[in-house]
Amino acid sequence: MNVQRTTTKQALVRSRFWLAVGLLGVSALFVLGAQPFAVGIIPSPFDKLAHALVFGALFLVLDSALALPLWLVLMIPLLISAADEFHQLFLPGRQPGLADWWAGLCGVVLAACWRHFRR
């Protein structure tokens, strides 16, 4: 019984760690993305790769941290990606676009496929 309690506690600590990593990452995305130095920091077409990596990684972090249905773990990064594009409407020099959201979608789908075949 003691082993099971330790394993459960370790899983809880691991989940909280990954949730903190995800929250920190999303916060950094919005706070650092609003800074003037963020304009053009990653040139096109590499910005699409960055979107795919960031939102694919966010999917993997959320999947590790939370025991949610797959559809919800898929939707959260996509909603955050949409919120990021909406946020860029109000930032000087930033160019929001549907192509960035599609790149994030591709990253999430690839990460979900990787997760599926890894298990």
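Predicted model: local features only at pLDDT ≥ 70, side-chain atom pairs only at ≥ 80, totals over all residues.
User: What makes Leu110 count as buried or exposed?

Analyst: Happy to walk through that one. The cut-off for exposed is over 50% relative accessible area. Leu110 has 59% relative accessibility, so Leu110 counts as exposed. Leu110 is found in helix 4, and its C-alpha atom is separated by 26 Å from that of Arg94, 16 residues apart along the chain.

User: Which residues of helix 4 are buried, then?

Analyst: Among them are Asp100, Leu105, Val108 and Arg115. Buried means under 20% relative accessible area, and Ala103, Gly104, Gly107, Ala111 and Ala112 are buried as well. The cover over the buried residues of helix 4 includes helix 2 (46-65) and helix 3 (70-88).

User: How do you know what span is expected for helix 4?

Analyst: The expected span is 1.5 Å times one less than the number of residues. Helix 4 (residues 98-118) has 21 residues, for which 30 Å is expected. From first C-alpha to last, helix 4 reaches 30 Å, close to that expectation.

User: What makes a group of residues a nonpolar core, and which residues are in the largest one?

Analyst: The members must be buried residues of listed types, such as Val, Leu and Phe, joined through side-chain atoms within 4.5 Å. The largest nonpolar core here has 12 residues: Val26, Phe55, Leu58, Phe59, Leu62, Val73, Leu78, Ile80, Leu105, Val108, Ala111 and Ala112. At least two residues of this core come from each of helix 2, helix 3 and helix 4.

User: Which residues does Ile80 touch?

Analyst: Contact means heavy atoms within 4.5 Å. Leaving aside residues up to four places away in sequence, Ile80 touches Val26, Leu29, Phe30, Phe55 and Leu58.

User: What is the peptide bond between Ser44 and Pro45, cis or trans?

Analyst: A cis peptide bond joins Ser44 and Pro45, with omega at about 5°. For context, most peptide bonds are trans. Pro45 sits in the loop between helix 1 (2-33) and helix 2.

User: How many helices and strands does the protein chain have?

Analyst: The protein chain has four helices and zero strands, and from the N terminus its elements run α-α-α-α. The C-alpha trace spans about 60 × 30 × 20 Å along its principal axes.

User: What share of the protein chain counts as buried?

Analyst: Of its 119 residues, 28% count as buried.

Notes. Residues numbered from 1 in each chain as written. Heavy atoms only, no water. Buried < 20%, exposed > 50% of the residue type's maximum accessible area, 1.4 Å probe, protein only.
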